[in-house]
Amino acid sequence: MEEVVWLTFLVSLLAAGVRLATPLLFAALGGITNELAGVLNIGLEGMMIAGTFGAYIGALLSGSEWGGALGGMLAGGLLGLLFAYLSITWRGDQVVLGTGLNIFALGLTSFFFRSMYKAGISQFVPSFQAWNVPLLSDIPLIGQIFFRQVPLVYLAYMLIPIATFLLYKTTWGLKLRCCGEHPRAAETVGVNVVKTRYLALCLSGMLAGLGGTFLSLGQISAFTEGLVSGRGFIALAAIIFGRWKPLNVALACLLFGVADALQLRLQGFGLPIRYEFLLMFPYLLTLVTFIIFVNRGDSPAGLGKPYPEK
Amino acid sequence: MENVPSSGSPPSPALRRARWFGYLQIILMPFGAVLAALIVGAILIALTGVDPLFAYQKMWEGIAKSNYQVGLVLVKATPLLIIGLGLGFVFNSGVFNIGAEGQLYMGALLGTAIAIQNWGLPAWLHIPLSLLGGFVGGGLWGLLPGYLKARHNINEVITTILLNYIAIYIVSYFTHGPLRDNPLAEAALPQTPEVQASAQLPLIWPPTRLHAGFLLGLGLALTLYLVTYRMAFGYKARAVGSSLAAAHYAGMNTTLIMVIVMVVSGGLAGVAGTVEILGVQHRLRDMFSPGLGYSAIAIALMGNNHPFGILLAAMLFGALQVGANNMQALAGVPVTIVDVIQAMVIFFVAVSAMIRWRAPLLSLFRRAEEASG
Amino acid sequence: MPAPLLEMRQIVKTFGSLRANDHVDFEVQSGEIHALLGENGAGKTTLMNVLYGLYQPDGGEIYWKGEKITLHSPRDAIRHRIGMIHQHLMLVPNFTVLENILVGLPSPKEPFLPIQETLTRLEDFAAQYGLPIDPTLKVKQLPLGLQQRVEILKALFRGADLLILDEPTAVLSPLEVEEFFAVLKNLVGKGVSIIFISHKLDEVLRISDRITVLRQGKRIGTIETRQATQPILAEMMVGRAVALDHSFPKGGAAQPILELKGVSLTRPKVGRVLKEITLTLHSGEILGIAGIDGNGQEELADVVCGLIPYSAGQMFIEGRSILNPTPRKMKAAGLGYVPADRQRVGLVKNFSIAHNLVLKSFDAPPFNAYGFLREKVVRLNAQQIIAEFDIRAADLLQPVGELSGGNQQKVILGRELKLAQRLLVAVHPTRGLDVGATESVRQFLHAQKQKGIGILLISADLDELLAMSDRIAVLFRGEILGVVPGEAASLPAISRMMLGERLEATA
């Protein structure tokens, strides 16, 4: 009897971990793309924030959650474009701009939201519903963990092999990675570094926007301020932890997702631990893994440096 | 070859003019940035269906309609000034500390813990002791990321931001738990008891709310100016920020310098948090800061990391904050427009390095160079 | 004469107020090796970057195979079958040889990478041009000579009727240069025309068919190599007659000043960078250290100057053992250091000249009182050094990053020579400087030697080492393979040692 309880707990924990890893995964895959192209994007958090609000507006206007996803991608992508314009065309410091972008997204979404709803409470909009994958969802344990999720979860996990293929196996991926390692070398073999980095940032913004979409339309059906609360930074840490390889990064996201699920469950257990410490746990875990793993991997050599140099 | 401008002789009038023009540009640029940000802000306000001129009029009235409001501006500017000074100091050394928010919380926690104690201390002892507690709390919170950056080159942006979330939860724990005021009462708010009268900062411009913390801020600005631009330590700290390799080559203990600078920066954020409690709020509340630590980043950047520039920028943003509150109340424009304006100032300052590159000063140097072959 | 393969007419390129190319004419005939000769800063690389589409000219026209063309980017140059090998190799160290060659190549099966096809073609090329290489190795594992081969293969893969080589021999040892010249002859035999950029007269005279000389952005003239001699070329380059192979008086060594005994350095991930270095430097002596870049020269300098703690061995100054040297200890022992990277290491670029001149002495009297910097004394010191070393600047508050390379080097010398009471370590002290600045830097060094200072001179320029050093030691993969007298007769022995051959009888 005891065992059954534990098994149920474990399955629901892992299912929730898979779900909670999804927004991290979207953002991290986006972050990998721009980092491999040589742009350090501290603004991932802001792009996610824009995504949560864009998705809400999209769903509100279109009356459909997929319209919301489009809105989330559009909002994130626009921030990516803004970041690209400031950091590539105007060669601003990427870390400073990324920090600015986070404040910008937080302020702008809150400004529009509070203008729309003076009371600060949004209305409900269409949201993503769980969709059981035929056959696969019937597999014991595995089916319950992976295949009874909302469609965005499946999309995120499908993106892992796609990103691996695009970034590491195609001519486009090789060019993109060359821009991140040695932009001048890329230029001398005819690669348009500026265009490549613009594209990488827009893609990154769109993916982070999808991550934001998941937070407002995949878990709840509304918008509130503070939905993202640091997930963009956790995604950044996951990228470093997973050494810029999509599969490893996904595993890191999963780890953080499960940590989050665990603390949520423990809150309900009435343990003699204060819930503030449980809430802190995912950040603490991220911090510790980041400190341990940050200097182990080879980051792209041109990361964070504007191009052309002068 | 012969008419090369001065090797050892004083600079020519043309050069002096160009140099002054360059300084002027550095000073004026950030204000241009604010102006531009206000224009974009006006467009945003118009988008929400409010007349931007009406909104800005309310904003201006909020700032200047009475001495009380002016006092409020300085009250709002005080924590921004103190945090901004610390951030400017640490940015000068090339460490991008964005953990001021967490350092502020930890400083306020320790500072308040001392300030609420009924030890029967006189004010001249209780206030400095509480402020020292604030410095230690914030400084310790800056020590870890500073050490990791300096010794192991671990990116301080990620570590400090994660520590922000952790600090906020720690304070949340204390305000809900061990330090909670009257925990048995059913409707008790998550906040500490009121700080002792002996630890409250005196008001210096009654009947406004302006408290002695503002004077402390002014003193700190002067001190940091001297340290940064007149003392050997500031020379070292700026050398570390300009070129770590050169500082190491010159025999400076770069690790120690970075750690010290980071601790000072965190400590000042902690002092700012404590000042806010001792001077304004008198109780430490859960989630008491509206992102002061983030706003101060914009202020440090806008002030070009220079203490006097930071002083001006802090007062400007204090005014924007007070004005925006009035604007929200009377024109229905959300105060968070100030965050948007701050972000845009960061954007403008970040890209203005590019504009400054084209300054006339430089082309004059170039000509001098060429003349020398 | 047939229509030239390439004709550049009246090319103008300005940067700010600097005119890097001033109405330059340049042409290349099919099948020739055309040398482009000039001092550092004469505008050679700028002209070639215009030809490769990296810079857009402000004026002038380019004719290629008789047709006028416009080059907006390297893509256009590659399309016209123009290839370029840059002075700083454009390779990604973390990529394999294969990936470096593949990057940017159109693929017959987009979006997939044409890996098999490329491997096959690579074998063909290797046989055809005599350029074998292992495509699976990462570029960072290859010696510089092989990295350059990868660059040539890269250009050939993209199809090159004209190959621009920017200072290709700078990274090679004398023997590798021979091998490289053979490859060039082979390429010309296969129908490739070559532009060979250099500032080394002897190489240009040996390899080229014609020579065009640039000076201060202007074309001075083009002559047939048959009719050229070193003095003619030197005068065209510099604008006045120059004394070539000017050698400084040798001798004067006295008692030992610096002794290294079995000094080794091991670095994480890299391994042993220095292996049991044993050396003695005497006062009044210049000891040259030769070797191809990256064989431990810069680490040796850093170790001697206390920037990197060594792993094993002993170091003595005037017979006294120095334990755990630090930059401060070494400064106190009377050491000055002119580092290899003057921009990033030797100077704080956005500090003023005056502040850079006290970079190592700002925290002691007379520049410091009670923790405060004494600006007046700092400026007085700057005025003196600026006058003494003839530093050309707008004034002493000018940020040092705005100075020319030669003047930056003089700022470093002005500071370090004052500190060098016993010995001086100078790494590539004249690299990238024009003839005038080079000459004055050498004069300063020689004057130090005459004052009885011991100088450790690390340079990749063999001519410089031979002209200045009393003795020359050769570093190869972190080891001293031998020490020879600093005279022209030692050249063959040095060349062999630079490639790893150990010399039995040492001087």
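Me: Hi! What kind of model is this, and how is it numbered?
Reply: It is a predicted model, where local features need pLDDT of at least 70, side-chain atom pairs count only at pLDDT 80 or more, and totals for chains, interfaces and linings use all residues. Residues are numbered from 1 along each chain as its sequence is written, while chains are lettered from A and ligands numbered from 1 in the order in which they are written.

Me: Which strands form the open sheet in chain C?
Reply: The order is β12-β11-β14-β15, with antiparallel pairing. Strands are DSSP runs of E, at least two residues, and helices are runs of H or I, at least four, numbered from the N terminus; two strands pair if DSSP finds at least two bridges between them.

Me: Which are the edge strands?
Reply: β12 (271–282) and β15 of chain C, each pairing on one side only.

Me: How many bridges join β14(C) to β15(C)?
Reply: There are 2, and Ile317(C) stands opposite Arg320(C). In that hairpin, Glu318(C) takes a positive phi near 50°.

Me: Switching topic: how many residues of chain A are in contact with chain B?
Reply: 37 residues of chain A are in contact with 37 of chain B; contact puts C-beta atoms, placed from the backbone, within 7 Å.

Me: Which element of chain A gives the most to that side?
Reply: α4(A) does, with 14 residues.

Key: Two residues are in contact if their C-beta atoms, placed from the backbone, lie within 7 Å.
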